[in-house]
Amino acid sequence: MKVKDKTVLITGSTDGVGRVVAQRLGAAGARVLVHGRDATRGDAVIAEIEAAAGKAEFCAADLASLAEVRWLAATVRARTDRLDILINNAGVGTAGDERQTSADGYELRFAVNYLAGFLLTSELLPLLKASAPARIVNVASAGQQAIDFGDVMLTRGYSGVRAYCQSKLAQILFTVDLAGQLKGSGVTVNALHPASYMNTTMVRQAGVTPWSSVETGAEAILNLATSPALEGRSGLYFDGLQESRADAQAHDVKARQQLRSLSLDLVGMAPPESKEEQP
């Protein structure tokens, strides 16, 4: 897939592997919408891309707030009439065992790592469909924990690792579920574990010595975003450059439907009939 003159949005692209992906796509001629929370860091990435004769713009938003996720989607729609690639990369790591909540009162890792991407993707689907063939890439992890639908927000037995792994598996369930919904639309969606313990701020904050480079992770993300071999293929999970198999819950139809219904409710997009059935 040639990316010259294609428009790409990468969340969490002012640092780490997202930043490398943004630089690579910019150098290849794509128009890159760089997302982050810090305008200074965003401007630095823009400058790097433009110095290599690329095109880039910064979009600020805190994904811990659903209102700001909606604002980000509105900003993208205002700035472009097409979106060829969406890479949901932003996330919160495993560090810390003190339970935190988002601006909306949801468990922070579930909110940022999964729910923000769910809402952003939903808001941008019309633009992606209008730009077909288009691709969605969800940056998940090999660290996966089955979702406890009796306590999704982890009010009991909380740990940063458990919260992170649950949120990452939620991304994969969403990927498989969305792929089914998008059949015939020309939009594909795939998820991946880019690399183990990359040299990122997230990994260092967790107190882990990096095992691999952000460049290695970037290659895996770019593979899903641009490889001709992935044309028309959807609902897959990759470990690096290799197609793999996620936790069994990702292949449970009822679990995927349950997560979809819950997510629609949490972001306020539940169908009216579903709301009427609630006591």
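Guide: This is a predicted model.

Visitor: Which residues of α8 make the contact with α4?
Guide: By class, the contact of α4 with α8 has seven nonpolar, one polar and one charged residues. On the α4 side stand F110, Y114, L115 and F118. They meet, from α8, L259, R260, S263, L264 and L266.

Visitor: Leaving aside neighbours within four places in sequence, which residues does F110 contact?
Guide: F110 belongs to the largest nonpolar core, among the residues with the most contacts inside it. With those sequence neighbours left aside, its partners include L259 and L266.

Visitor: Which element gives the largest share of the largest nonpolar core?
Guide: That core has 54 residues. Elements giving two or more residues to the core are α3, α4, β5, α5, β6 and α8. The largest share, 14 residues, comes from α4.

Visitor: How many residues are in the other core, which lies apart from this one?
Guide: Its members include A30, A56, V214 and A218. The count for this other core is 31 residues.

Visitor: Is α3 roughly parallel or roughly perpendicular to α4?
Guide: The axes of α3 and α4 are 9 Å apart, at an angle of about 25°. Angles under 35 degrees count as roughly parallel. That makes α3, relative to α4, roughly parallel.

Visitor: How many charged residues are in the contact of α3 with α4?
Guide: L66, V69, R70, L72, A73, V76 and R77 of α3 meet L115, A116, L119, L120, E123, L124 and L127 of α4. By class, 11 of the contact residues are nonpolar and none is polar. The charged residues number three.

Visitor: Are α1 and α7 oblique or roughly parallel to each other?
Guide: Helix α1 covers residues 16–27 and helix α7 residues 214–226. They pack at about 55°, with axes 9 Å apart. α1 and α7 are therefore oblique.

Visitor: Is the crossing of α1 and α7 left-handed or right-handed?
Guide: The contact involves G16, V17, V20, V21, R24 and L25 of α1. V214 and A218 are among the α7 residues in the contact. The crossing of these two helices is right-handed.

Technical notes:
Residues are numbered from 1 along each chain as its sequence is written. This is a predicted model: local features need pLDDT of at least 70, side-chain atom pairs count only at pLDDT 80 or more; totals for chains, interfaces and linings use all residues. Side-chain values use heavy atoms; hydrogens and water are left out. A nonpolar core is a set of buried Ala, Val, Leu, Ile, Met, Phe, Trp, Tyr and Cys residues joined through side-chain atoms within 4.5 Å. Buried means under 20% relative accessible area, exposed over 50%, partly exposed in between (1.4 Å probe, protein chains only). Helices (H or I, at least four residues) and strands (E, at least two) are DSSP runs, numbered from the N terminus. Contact means heavy atoms within 4.5 Å. Axes are lines fitted to C-alpha atoms, for helices over the stretch in contact, and angles run from 0 to 180 degrees between N-to-C directions. Angles under 35 degrees count as roughly parallel, over 145 as roughly antiparallel, 65 to 115 as roughly perpendicular and the rest as oblique. A crossing is left-handed if the near helix is turned anticlockwise from the far one by less than a right angle, and right-handed if clockwise. Ala, Val, Leu, Ile, Met, Phe, Trp, Tyr, Cys and Pro count as nonpolar, Asp, Glu, Lys and Arg as charged, and the others, Gly among them, as polar.
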